[in-house]
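Welcome! Have a look at the model below, and then we can go through it together.

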Amino acid sequence: MCLAVPVRVAALLENQWIEIEVGGIHTRVSTALIDEVAVGDFVIVHAGFAIARLNIEEAERTLALFDEIAAHLRESSDALHPRLP
Amino acid sequence: MRYIHGFRDGAAAAALARSLAKRVDPSREYHLMEFCGGHTHAIFRYGVEDLLPANIHLVHGPGCPVCVMAVPRLDAAIELARQPNVTLVSYGDMLRVPGSRRRSLLKARAQGADVRMAYSALEAVEIAAAEPERQIVFFAIGFETTTPATAHVILEARRQGLSNFSVYCNHVVTPAAIQSILDSPEVREWGQVRVDGFIGPSHVSAVIGSAPYEFFAEEYQRPVVIAGFEPLDVMQAIEMLVQQLNAGRACVENQFTRGVTREGNRKAQALVAEVFELRPSLEWRGLGELPYSGLRIKSTYAEFDAERRFSLEVHPVAENAACQCPAIIRGVKKPTDCALFGTVCTPRDPIGSCMVSAEGACAAYYKYRRGITAQAL
């Protein structure tokens, strides 16, 4: 029920609607619940409504942290645990 | 897409698993509750449990709106749908949920009731505008993620001057449910359920913010870490909880920084506050009557309240005594403890709501763990 997905804003339509694309399917969702968005922004969509704008900087920071953790463990050699692929 | 698949990377998951294994204190047990059914499914789908040290135990919480809906309230919706001039518009999640005497909205539709499935609440308003001769009732369910959309459609119906549109409001609030778990006798007195910390909801928190959890962390001394719905999010949140527990801290932390702020979505909160107010009490399946745990439509919007328009009444019903959903919702039992699990009760022919919902614990066990549990038995 609370499942939601991040999607990219493909186009702005009239009346608070935006067009989005998910896996090749284009659909429209309402932005009535959030502040203004622009084409290229990412929004979190739940049941036909954008409920939040995705904070790209924070997303990149989290991803960079995961990369760092993975890289760090790749470097540390440990006889008990083989190197990660 | 980078912002979905980036958070499912296997190498990073393996690295997080190893880092977590180093961080846990082998002399203690960690019991962590994931409140959301969405987390339960992410954990099973990606096999997160198998990556965790053996002394980390995940307890599945009640964050599944379909599962916690009291059967009498669903029965009332089925009765409403059977009225000749009524069209009931519902999210797909509710259609197959069994009411009393194994009725469901889907079966009512097969018997001629006009039940329609919608992806967005706005579709109900569109139907109301297109079919003015019918009474269109939107069956509103869900936690705070879904509530603002319902508030918006009520305002939209008023703007369009629709007199044939109403909402059967069954919205529930997350903080009340968490508090009821912490106050329940199983946790406080009997010690049947141990919850050392919470993995907090991601999209509910996108709306309400992280601030409402600060009370629990402080008052009940349980850490809360708000986590995204992807497997790496969950693993990182578990690590953050372990760090807090090891240090003896109990704070609210936010792993899902890309979607959640401390104050949340103010615009959505304002819409909800305009249209809804707290009910003094609401019955939850499995948790019983919880004070101030649900929302109803304010009297200023009474003309859109289906409970008033149709004088809906809820009558207590007897539930299938063998179905362990209530105990599973409270985290007291696991789906495999239920005699009906996978035998009489399957996703195709469910007895209890936990087997129906895409967020229910029974459905998660059935879908992802059936082979493993069968071997273990």
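Here are some questions and answers about chain B of this predicted model.

Q: How many helices and strands are there in chain B?
A: Let's start with the overall picture: the C-alpha atoms of chain B fill a box of roughly 65 × 45 × 45 Å along the principal axes. As for its elements, chain B has 17 helices and 13 strands.

Q: Why can chain B be called as compact as a globular protein of its length?
A: The globule rule gives 21 Å for 377 residues. Chain B comes close to that, so it is as compact as a globular protein of that length, with a radius of gyration of 21 Å.

Q: Which element gives the most to the side of domain 1 of chain B that touches domain 3 of chain B?
A: In the domain assignment, domain 1 of chain B is 2–63 + 189–254 and domain 3 is 325–376. Here 13 residues of domain 1 of chain B are in contact with twelve residues of domain 3 of chain B. On the domain 1 side, α3 (37–45) and β2 (56–63) of chain B each supply at least two residues. The element that gives the most, with six residues, is α3(B).

Q: Within what arc do the buried residues of α2(B) fall, seen down its axis?
A: Helix α2 of chain B covers residues 10–23. Its buried residues are B:A12, B:A13, B:A15 and B:L16. They line one face of the helix, because seen down the axis of α2(B) they fall within an arc of 165°.

Technical notes:
Residues are numbered from 1 along each chain as its sequence is written. Chains are lettered from A and ligands numbered from 1 in the order in which they are written. This is a predicted model: local features need pLDDT of at least 70, side-chain atom pairs count only at pLDDT 80 or more; totals for chains, interfaces and linings use all residues. Helices (H or I, at least four residues) and strands (E, at least two) are DSSP runs, numbered from the N terminus. The expected span of a helix is 1.5 Å times one less than its number of residues. A residue is buried if 20 or more other C-beta atoms lie within 10 Å of its own, exposed if 12 or fewer, and partly exposed in between; C-beta atoms are placed from the backbone. The arc is that of the directions from the helix axis to the C-beta atoms. Domain bounds come from an automatic or database domain assignment. Two residues are in contact if their C-beta atoms, placed from the backbone, lie within 7 Å. The radius of gyration is taken over C-alpha atoms; the globule rule is 2.2 Å times the number of residues to the power 0.38.
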